[in-house]
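Please read it alongside the sequence and the model.

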Amino acid sequence: MRIAALDQGTTSTRVLVTGQDGSADIHLALRHRQHHPQSGWVEHDPLELLANLQSCLEAAGPIDAIGLANQGESCMAWDARSGEPLSPLIVWQDNRTTGRIEELRAQGGEALTLERAGLPLDAYFSASKLAWIIEHLPAARDALATGRLRLGTSDAWFLDRLTGVYATDVTTASRTSLMNLSSGQWDPDLCALFGVPIEALPEIRDTVGYFGDIGVTPVTASVVDQQASLYGHGCRQPGDAKITFGTGAFALTLSGDRIIRSPENGLLATIAWQLDGKPVYAMDGGVYDASAAVEWAGRLGLFSDVSELAGFDQPAAISRGLAFVPALSGLACPHWDRSAGALWLGMNAATTREDMCQALLEGVALRSAEVIRSMDGFLTVTDRLSIDGGLARSPYFAQFLADILQRHITTQRFDELTAFGCAALAARGLGVELKAPRNTCTEFRPKIDKATAEQWQARFSDAIGRSRGWR
């Protein structure tokens, strides 16, 4: 049996083909263009993404089932009859609706989003983006007037075009600010708050189930990429957690059948997956800029090859008074502050490019530690934290994260865990349990004491305070 997982992410689209014997191989990976038409705007071309998905499917060869992992909060509009896009795909990083979000907050709208969706008001989520499309794009308004408008996250667009099924799954819907977290359905009051017509939204389905056929092959799972990663890491019990260091850094901890709401700590309640109508909940905390900050530093010429980030000769930058706050897009959990600006603090005439890169990696780890510490107040988060993504390949980064969190950090040689989790969920749709891929794990243990870790975190908290309100 061969299962294909389509992992459509922020910077690339890839296909992993797995077998029941534990084999798992990437057959094709394609990068796509990032469009920045204005400051703070981030867009993708939906047709380019669709073409890349189709190329990945062709590269996979004969398969028995397909799973689809999506970007989460990225969304768009299209014509129900022709299938043509009526907007670009507005990416989760995009902050064009920040002004509208502040208006809603001033009107007291956040009380409703926290109560129903479990989410704060933020341009990160899909709802305000969908409303922006209707307000600003005449083609979308015309389609709405004639009953031809479809609004949704990227998964709904892909499924509609590839299988003819207009649906999303509950994990993706939970990231829009339009779904009632308790009922798992679109909430009329939330839709009215943002100005999103509920009739233009897709059906919400379980994570595992039938999402139509691509050719003769069924799509048996659809899921947000971070939830797919959580499943791929093997997290199944409350307190199990992972952090994926992709474009952003995303920490999720399972909370089982409990919806844990903690707006005062900036944590999000979300759905990890839903099987046979039964949701499994999680706590979610994100950092907007992780690998995005690293790629930015590369464009600035601070390093020429990522291998330069594997280790550094000097002691920790934060211990030498040099800190970097990775707030290129503002601060997410636990601050939720789009006014914050990225900055280095503590530079002097002797500071080198290597020092700046070291501080940058530490800044992403220190921000991630803020998220995990917030979660610790509500769950017993595992003391062996599994991480994946590009930054997880840096031994220096993994060791620093172990030091600052005072936890064992585990990395895997096979780190396509988002795609594998998606494939494992798709296999469940056929009644099959996939074996975990053959893998080699590396464990990093703390090398500093708790008092030193707390001192470093306090120094970084001071840097965070200086970054806020800058924009």
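A salt bridge here is a side-chain nitrogen of Lys or Arg within 4 Å of a carboxyl oxygen of Asp or Glu. This is a predicted model, in which local features need pLDDT of at least 70 and side-chain atom pairs count only at pLDDT 80 or more, while totals for chains, interfaces and linings use all residues. Residues are numbered from 1 along each chain as its sequence is written, and side-chain values use heavy atoms, with hydrogens and water left out. The structure holds 24 salt bridges.

**Terms for location and exposure**

- Helices (H or I, at least four residues) and strands (E, at least two) are DSSP runs, numbered from the N terminus.
- Buried means under 20% relative accessible area, exposed means over 50%, and partly exposed lies in between, with a 1.4 Å probe and protein chains only.

**Salt bridges**

- Glu 370 is bridged to Arg 367, with 2.6 Å between the closest N and O atoms. Both residues belong to helix α11 (residues 353–376) and sit three residues apart, about one turn of the helix. Glu 370 counts as buried because its relative accessibility is 10%; Arg 367 counts as buried because its value is 0%.
- A network of salt bridges with shared partners joins Glu 115, Arg 116, Asp 187 and Asp 189.
- Glu 73 and Arg 175 form a salt bridge whose closest N and O atoms are 2.8 Å apart. This pair links distant parts of the chain, 102 residues apart: Glu 73 is in the loop between β5 (65–70) and β6 (75–79), and Arg 175 is in the loop between α7 (170–173) and β10 (179–180). Glu 73 and Arg 175 are both buried.
- Asp 337 and Arg 468 form a salt bridge, again with the closest N and O atoms 2.8 Å apart. The partners are 131 residues apart and link distant parts of the chain, with Asp 337 in the loop between β19 (323–325) and β20 (343–345) and Arg 468 in the segment after α14 (450–467).
- Which end of that pair is buried, and which is partly exposed? Asp 337 is buried, since its relative accessible area is 11%, whereas Arg 468 is partly exposed at 38%.

- Two strands pair if DSSP finds at least two bridges between them.
- Six strands form an open sheet in the order β3-β2-β1-β5-β14-β13, and the pairing is mixed.
- β1 and β2 run antiparallel and are joined by seven bridges. Asp 7 has Arg 14 as its bridge partner in β2.
- β5 and strand β14 (residues 217–224) run parallel, joined by five bridges. Ile 66 has Val 219 in β14 as its bridge partner.
- Why is β1 largely enclosed by the rest of the structure? Six of the seven residues of β1 are buried, so the strand is largely enclosed.

**Helices on the sheet**

- Contact means heavy atoms within 4.5 Å. Axes are lines fitted to C-alpha atoms, for helices over the stretch in contact, and angles run from 0 to 180 degrees between N-to-C directions.
- Helix α1 (residues 46–60) packs on the sheet and touches β1 (2–8), β2 (12–19), β3, β5 and β13; its direction makes about 150° with that of β3.
- Helix α13 (residues 417–428) lies across β1, β2, β5 and β14, at about 130° to β1.

**Arg 407**

- Arg 407 is in the loop between α12 (395–405) and β22 (408–412). Arg 407 counts as buried because its relative accessibility is 9%.
- The Arg 407 side chain makes a polar contact with the side chain of Asp 376, at 2.6 Å. A polar contact is a pair of N or O atoms within 3.5 Å; within protein, one must be able to donate a hydrogen and the other to accept it, and residues adjacent in sequence count only if both atoms are side-chain atoms.
- Not counting residues up to four places away in sequence, Arg 407 touches residues including Ile 372, Asp 376, Phe 444 and Pro 446.

**Thr 442**

- Thr 442 is in strand β23 (residues 441–444) and counts as partly exposed at 39% relative accessibility.
- Leaving aside neighbours within four places in sequence, Thr 442 is in contact with Ile 409, Thr 410 and Thr 411.
- From Thr 442 to Thr 244 is 198 residues in sequence and 16 Å in space, C-alpha to C-alpha.
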